[in-house]
There are 2 protein chains.
Amino acid sequence: VTRATTAARAAAAVSAERLQALFHSISEVGAYGRAADGRHGCERLAFSEEAHIAHQLFAEAARETGLTVRRDRIGNTFARLGPADRETAPVLTGSHLDTVAAGGCFDGAAGVVCSLEAVRAVSLAFRESGAALPRPLEVVAWANEEGARFPPAMMGSAVYAGSLPIEAALSATDSEGISVRDALAARAPGEGTQPLLPPASYLELHIEQGVELEAAGVPVAVVDGVQAQLAGDWRMIGREAHAGATPMERRRDALLGAAALITEVSGIAHAHPPGVATVGKSVAFPGSRNTVPGLVEATIDLRHPEERAVRTMAADFIRAGEACAAQCGLSFEFTERWRSPRVTFSPHLVDLCSRAADAAGIPALRLFSAAGHDAVNLAPITPAAMLFVPSTGGVSHHPEEFTEMNALVQGARVLSATLALLLG
Amino acid sequence: VTRATTAARAAAAVSAERLQALFHSISEVGAYGRAADGRHGCERLAFSEEAHIAHQLFAEAARETGLTVRRDRIGNTFARLGPADRETAPVLTGSHLDTVAAGGCFDGAAGVVCSLEAVRAVSLAFRESGAALPRPLEVVAWANEEGARFPPAMMGSAVYAGSLPIEAALSATDSEGISVRDALAARAPGEGTQPLLPPASYLELHIEQGVELEAAGVPVAVVDGVQAQLAGDWRMIGREAHAGATPMERRRDALLGAAALITEVSGIAHAHPPGVATVGKSVAFPGSRNTVPGLVEATIDLRHPEERAVRTMAADFIRAGEACAAQCGLSFEFTERWRSPRVTFSPHLVDLCSRAADAAGIPALRLFSAAGHDAVNLAPITPAAMLFVPSTGGVSHHPEEFTEMNALVQGARVLSATLALLLG
């Protein structure tokens, strides 16, 4: 039996029914905003009751598939096929089950569900070929990929990969001062197990959250890397004043300076194509109808495939912030929250993914990811790569986020074939 | 005894000590942000426990001064000197005791305290002259002048004057859906008494919340009228999208459109001097760092001495909102919340105030008010006028709002002299 044959068998063994059944059961957790056609959004903020239930559904499905489940201290759930030995590193594959506030059903969950089904299919293919699995296969559901309530994003994988100390992660707080430690303690606490061995490779399937696959009419992309990112918080500080009695020329209106900067931010992104720049949060204080705002609190998110371009955009942003503040008699404060470097995935593993798509007879593009993913945290410790499936209209972080079930199945087939090639 | 003599005696009878004692006792209610020099802000949102305590302190002080206190259904507190008869209309004077969130100590409370002291002083002056008071004097503390938690502003005086039905006022809700009815029921409910007779005149002393008195070095102004105002809510509606994976040209970023409009708002005010335009509240939703905002909710406040100019500014604003929305692929919604017409105070009463200042030997400017006041609601039902005292630096709706105690005393003296001339 050739490796390509096992890969094709692994691809063919993926069950659309099983995939769909688990995906739909997880999608019901945190469902909201159901439309007439039955589509809906999902809200499962990290460390919430909903996220916990989704992890439990995943764990149950993994146990039914014959996998052994464990949970670590930060709330990552691992499901292993094969012996828990200390000599053979596993191949790891997965994604996350948490969402942003008012998010969609596919971001994260698609990858976890496809990974479990791909692992099942690979094990069937090996059994059919009369071969034993040469190393364990492990499916992971990372905790807190979004960082929506508890920054930083990609927390669970960062702790796993050793780039974020567990104590720092547990001490991270939400806007109300509640810590990850407290939020985790409210549910079943993790068992404190550490990975037996670093994984031999890491694969992650995710929705594209962009439009290139849809535009090309192709169901799967092999991802070459992830763009660099810089995230920060900023404030414009002026002086509150009466909205009726303060002449325009005597105002130090924090919102006016913030508005000028928000406009500049868009210009900075346009000056550095294909970079993107986003002010996602912006609140004026005290937020009273008849008071000139004395303070605006906001965020900034800058991304570009080239790290140097992100640095330039950040410098342009800070300069623009200071200029907008000076123009309106305000002061400007900026606090960097995190930087993700540009990540280039393992060329060997990327190439293997492409060959797996060929073996499965599924067309696949090559793309560079615009969004950060847990694979970014895994790349420094093991060969890593990603697969994308299409996002209808590029919509994500929204109840209308959608991927055709057939595209998910095609993605799981390529993932399964890749695992087979890796093991074969 | 001439009227001018009684007026001078009434002015002289004002006690700085009594004025200061009551002002300080009310200022302690809701005090926050105490600076090294002992100055601080006040937060007494309408219908809160703090506002209720302030009304009680006023009522106690009024009773000690020999006045009869009653409270109406919307929470206005009235204190009357003289018989509660149905034949002689009282002269009414007062202001409010509620503040905006994170407000100052002087806006409103200054007028209530000065009014009570002025009424006491007038009654002393009449006793000294051996004359009986020809009509009752009534001091009022209006409920919910700011409208900070429960719009509309100037609610208590609007109900009193009959321009706002009591049921509409009681059914007004805050942003969490709590009604004025519920908030009032949580404290001592009012007795439901209606005014015995419409007042014969209305006088209100208030801080200027501007800089003209300070610039002129004059302690008191007689106010000719109040500028016209239009208040509304607006929304920019776009589409949420992933901040990393959505190219700039595919975004429908609600915050980008809102920022453009906020910049335009400032331009609209500058194009219509001496008009002012303020976006006091602005919040982007969902407010997540890595989501392009799909919605911004904000307010607009437009004011100008000429009503026609306010109408033009409002039309310009709506046109700009639609243009900014179109430019960013958004939709724009505007809801008008209230309009206050330009108010011209009673020329006879304004003239009387000026003559009272002369009789008291206190220099007084003539000003046009930039801020709305309860007097605006009284003007349609009775001759009304206002007195201003200086605001240091023009600062208001802020913990640093400040008026020298000596200026308050001078203001109370002119008010007392005006009451004496009105009665004499």
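Let me begin with a question: in which loop of chain B is Pro274(B) found? What we are looking at is a predicted model, and in this model Pro274(B) sits in the loop that runs between helix 9 (254–270) and strand 11 (276–278) of chain B. The peptide bond that joins Pro273(B) and Pro274(B) is cis, with an omega of about 0 degrees. There is another cis peptide bond to find in chain B, joining Phe285(B) and Pro286(B), where omega is about 5 degrees, and Pro286(B) has its place in the loop between strand 12 (282–285) and strand 13 (291–292) of that chain.

While we are on the backbone, please turn to chain A and find Met154(A), which is not a glycine and yet has a positive phi of about 60 degrees. Met154(A) lies in the loop between strand 6 (137–142) and helix 5 (155–161) of chain A. I point these places out because most residues other than glycine have a negative phi, and most peptide bonds are trans.

Now to the place where the chains meet. How many residues does each chain bring to the contact? Chain A gives 63 residues and chain B gives 63 residues, and between them the two chains bury about 5,000 Å², of which 56% is on carbon and sulfur atoms. On the side of chain A, the residues that lose the most area to chain B are His242(A), Met248(A) and Arg289(A), which together account for 16% of what that side buries.

If we look at the polar side of this meeting, there are 22 residue pairs in polar contact between chain A and chain B, counting pairs with both residues at pLDDT 80 or more. Several elements of chain A each supply at least two residues to the side that touches chain B, including strand 9 (228–237), strand 14 (295–304) and strand 15 (331–340), but the largest share, nine residues, comes from helix 9 of chain A. Sorted by kind, the residues on that side of chain A divide into 27 nonpolar, 23 polar and 13 charged.

The salt bridges between chain A and chain B number four, and one to look for joins the side chains of Glu400(A) and Arg239(B), at 2.7 Å from N to O. Over all chains, a search of the whole structure finds 42 salt bridges. Within chain A, the side chains of Glu297(A) and Arg235(A) meet in a salt bridge at 3.1 Å, N to O; this pair links distant parts of the chain, with Glu297(A) in strand 14 and Arg235(A) in strand 9, 62 residues apart.

Finally, a pair of helices in chain B. The axes of helix 1 (residues 3–12) and helix 11 (residues 347–360) of chain B come within 8 Å and cross at roughly 70 degrees, which means that helix 1 of chain B is roughly perpendicular to helix 11 of chain B. Among the residues making this contact are Ala4(B) and Ala8(B) of helix 1 and Leu352(B) of helix 11, and the contact as a whole divides into seven nonpolar residues, no polar and one charged.

How values were computed. Residues numbered from 1 in each chain as written. Chains lettered and ligands numbered in written order. Heavy atoms only, no water. Contact = heavy atoms within 4.5 Å. Buried area = accessible area lost by both parts, 1.4 Å probe. Polar contact = N/O pair within 3.5 Å; in protein donor to acceptor, adjacent residues only side chain to side chain. Helix = DSSP H or I, 4+ residues; strand = E, 2+ residues; numbered from the N terminus. Nonpolar A, V, L, I, M, F, W, Y, C, P; charged D, E, K, R; others polar. Axes fitted to C-alpha atoms, helices over the stretch in contact; angles between N-to-C directions. Parallel < 35°, antiparallel > 145°, perpendicular 65-115°, else oblique.
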